[in-house]
Amino acid sequence: MASFTTASHIPRPTLNTHTGRVLCLVSCSVYLWVHTWKFVDSVVAVVLPRSRQLGHVRRWRNPRVYRPLVDLLTMEERHLIITYRFDCATIQELCTQLEPDLKSPIRHPTGIPPDVQLLSVLHFLASGSFQTTVAMASGMSQPMFSNVLSRVLSALLKHVRSYIVFPQVEDLATVKGDFYALGHIPSIIGAIDGTHVALVPPQE
C-alpha cells in the first residue's frame, strides 16, 4: 500500500521571486495529487475484489411486470360486437382457421394465445386507434403487438378468397336485382363498408 506524504515533508526551494513561489506551489500540488491517487488506487485494488467476493456489489434490476391478457370467454356478446365487430362464434371460427399460423411461440412468459392475437388485431382494425393503445388494452407491449399484427394479417391473407368473392359475369344480373330490391338503386354489383360524412359549404 502506498504511503501518504504530507506537504510538510516536501522540500521547498528557497525562492524570493514571485515566479519561484508559483513553481513551488505547482510542484507541491502535483506531488500531493500523484501520491493521493496512488493511495486511493491501492485501497480500491484491495477493497473492491473483497466486496465483490462478499456479494456487496450487486446489480439490481426492476422486476418485469406483465399485464393480464384479454380473455374471449369472459366477455359479453355486446362488448365483443362493439369492440371487435364480431360475435363470439365468428371469432372462434376465425381463430380455428388461423391457429396453425398463430400458434408458433412469441417471447412472453405464458406465450400469446392465438385468440388473444386475433382479438388484438380485430380491435386495432375496428377502432382505427394507435398500436400503443390497443397493445395496452390487450395486455402486451407495442413492439410485441407490432409483431402480432404482421402475423395475423399474413394469416388472414391466406383465407381472403374464402370471404371476399367478386361476382362472375353470369351472376351480375342476379346481383343487380338483389341490390335493387334492397335500396332501389339500379346497376349495383357490390358494396364497400364506409362512412358518409356531410360536408357543409362555407358561408362566404
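Figure 1. The structure is a predicted model, and where pLDDT is low, the predicted coordinates should not be read in detail. For the protein chain the mean pLDDT is 77, with 66% of the residues reaching 70 or more. Among the elements of the protein chain, helix α1 (residues 18-54) has the lowest confidence, at a mean of 62, whereas α6 has the highest, at 92.

**Figure 2. Overall make-up of the protein chain.** The protein chain holds eight helices and zero strands, and its elements, read from the N terminus on, run α-α-α-α-α-α-α-α. Of its 204 residues, 23% count as buried, and the accessible surface comes to about 16,100 Å², of which carbon and sulfur atoms contribute 61%. Among the contacts with a separation of 6 or more, 56% are accounted for by residues 24 or more positions apart.

**Figure 3. Helix α3, its kink and its buried residues.** Helix α3, which covers residues 88-102, has a kink of about 40 degrees at T96, shortly before the proline P100. Buried residues of this helix are C88, I91, L94, C95, L98 and L102. The packing partners of the buried residues of α3 are α2 (77-84), α4 (114-127), α6 (142-158) and α7 (160-163).

**Figure 4. The largest nonpolar core, with a closer look at L118.** In soluble globular proteins, nonpolar side chains tend to be buried together. The largest nonpolar core of this model has 27 residues, and the members that touch the most others are L80, Y84, I91, L118, M140 and F145. Two or more residues are given to this core by each of the elements α2, α3, α4, α5 (131-138) and α6. For L118, when its neighbours within four places in sequence are left aside, the contacts are I91, L94, C95, L98 and V152.

**Figure 5. The aromatic pair of F124 and F145.** One aromatic pair is present in the structure. The ring centres of F124 and F145 lie 5.6 Å apart and the ring planes stand at 65 degrees, so the pair is edge-to-face.

**Figure 6. T83 in helix α2.** Helix α2 contains T83, a residue that counts as buried because its relative accessible area is 15%, under the limit of 20%. Once neighbours within four places in sequence are left aside, T83 is in contact with L122, H123 and A126.

**Figure 7. S141 in the loop between α5 and α6.** The loop between α5 and α6 includes S141, which counts as partly exposed at 33% relative accessibility. From S141 to Q131 the C-alpha to C-alpha distance is 9.1 Å, and these two residues are 10 residues apart in sequence.

Figure 8. H184 lies in the segment after α8 and has a positive phi of about 55 degrees although it is not a glycine; with a relative accessible area of 58%, H184 is exposed. S187 also lies in the segment after α8 and likewise shows a positive phi, of about 60 degrees, without being a glycine; its relative accessibility of 56% makes S187 count as exposed. I189 is found in this segment after α8 (172-183) too, but I189 is partly exposed, with a relative accessible area of 42%. Not counting residues up to four places away in sequence, I189 touches P167, L172, V175, K176 and F179. The C-alpha atoms of I189 and A173 are separated by 8.5 Å, the two residues being 16 residues apart along the chain.

Notes. Residues numbered from 1 in each chain as written. Predicted model: local features only at pLDDT ≥ 70, side-chain atom pairs only at ≥ 80, totals over all residues. Heavy atoms only, no water. Bend = angle between axes of the 7 residues up to and from the residue. Helix = DSSP H or I, 4+ residues; strand = E, 2+ residues; numbered from the N terminus. Buried < 20%, exposed > 50% of the residue type's maximum accessible area, 1.4 Å probe, protein only. Contact = heavy atoms within 4.5 Å. Core = buried A, V, L, I, M, F, W, Y, C linked by side-chain atoms within 4.5 Å. pLDDT = per-residue confidence, 0-100. Areas by Shrake-Rupley, 256 points an atom, 1.4 Å probe, with all protein chains shown as cover. Phe/Tyr/Trp six-rings, centres within 6.5 Å; stacked < 30°, edge-to-face > 60°.
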